[in-house]
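Morning, everyone. I'll keep this short. Have a look at the model first.

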Amino acid sequence: MYRENTKEIAIGNVKIGGTHPVTIQSMTNTKTENVEETVKQILALEKAGCQIIRCTVPTMKAAEAFTEIKKQIHIPLVADIHFDYRLAIAAIEHGVDKIRINPGNIGSVDRVKAVVDKAKAYHVPIRVGVNSGSLEKNLIAKYGGHVTAEGIVESALDKVHLIENLGYDQMVISIKSSDVMMCVKAHELIASKTSYPLHVGITEAGTLLSGNIKSAIGLGMILSQGIGDTIRVSLTGDPLEEVKSAKIILRTLGLRKGGIEVVSCPTCGRTRIDLIGLANQVENMVEDIPLDIKVAVMGCVVNGPGEAKEADIGIAGGKGEGLL
């Protein structure tokens, strides 16, 4: 099921939805109040291929820091807001390009309206975020006493309709769960019910190993159906790893061009070189090169000339010899 006529939303100088390609996001793990460290991390993420960056706003000082952070970075800046509507208003006033809120934990409709009015005045889109962990009790009860994809979707659309009724339609929807199959089902359900662009990710996916596997499976199943306009791979680790993984996922699905693809054989008893070390060295060497080519790193006479022949560049090694 490929979504058509998805609403186009501008986040700073980056547009998502419509006919635009899927963009990559990440989130800083520095203290936002520490401008120097936050900017340093954002610049490294930019270099790695991050296109939209989000920072948490737990304090008023963090919101105020956005003015200086914005001056030193080159990609759109998103404020992640929980509980205190005044922080959302302050973040908008200090120049963020989008805010992420869950209207359910912002408070009364009047508080949500204050945020929406400010966003409307500054032309700042709102990402409406709903996680399975924060689903309302009445929706849990409605769908059998436990969290369901149907409940997550209903919760998200209720909040979207609330903001629409307040006179604003510049929104991105995010529905996340750490349960991969529930997340996939929820995205399939919501894709047919709304035209707003979708921010897709498997939340709290885990460490580099488990998080990458769960994210690749979940994002692969969702994106391959034409669902999703911007993604974040949520990992317990360095945010740079999130961007690397997102690039590979998009390239593997054919949704992104550019960047060298490294293929390598899994090693076996025929291997006579340090293929594991060599393959990792090659992958690190080429990660910042924006060429759309394939490089094969192989370790025996079977895979060397055979499986590597489809690559643009082949590196093969054997006992006492190597070929390029």
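Ground rules. This is a predicted model, where local features need pLDDT of at least 70, side-chain atom pairs count only at pLDDT 80 or more, and totals for chains, interfaces and linings use all residues. Residues are numbered from 1 along each chain as its sequence is written, and side-chain values use heavy atoms, leaving out hydrogens and water.

Eight strands close up in the order 3-4-5-6-7-8-9-10, with parallel pairing. Strands here are DSSP E runs of at least two residues; helices are H or I runs of at least four; both are numbered from the N terminus. Two strands pair if DSSP finds at least two bridges between them. Take strand 3 (residues 23-27) and strand 4 (residues 52-56): they pair in the parallel sense over 3 bridges. Met27 stands opposite Arg54 in strand 4.

Salt bridges. How many does a search of the whole structure find? It finds 15. The criterion is a side-chain nitrogen of Lys or Arg within 4 Å of a carboxyl oxygen of Asp or Glu.

One of them joins Asp169 and Lys7, at 3.4 Å, N to O. Asp169 sits in the loop between helix 7 (149-165) and strand 8 (171-176), and Lys7 in the segment before strand 1 (9-11), so this pair ties together parts that are 162 residues apart in sequence.

Next, Lys70 and Asp97, at 3.0 Å, N to O. Lys70 is in helix 2 (residues 60-72) and Asp97 in the loop between helix 3 (85-93) and strand 6 (98-101), 27 residues apart. Buried means under 20% relative accessible area, exposed over 50%, partly exposed in between, with a 1.4 Å probe and protein chains only. Lys70 is partly exposed at 29%; Asp97 is buried at 13%.

Then Lys185 and Glu150, again a salt bridge, at 3.0 Å, N to O. Lys185 lies in helix 8 (residues 180-191) and Glu150 in helix 7, 35 residues apart.

Now the surface. Met181, Leu209, Ile213, Ile217 and Met221 make a nonpolar patch of about 490 Å². Patch residues have over 30% relative accessible area and no salt bridge; nonpolar side chains are joined within 5 Å, like charges within 9 Å. Areas are Shrake-Rupley, 1.4 Å probe. Helix 9 (residues 208-223) gives the largest share, 4 residues. Met221, in helix 9, is partly exposed at 31%.
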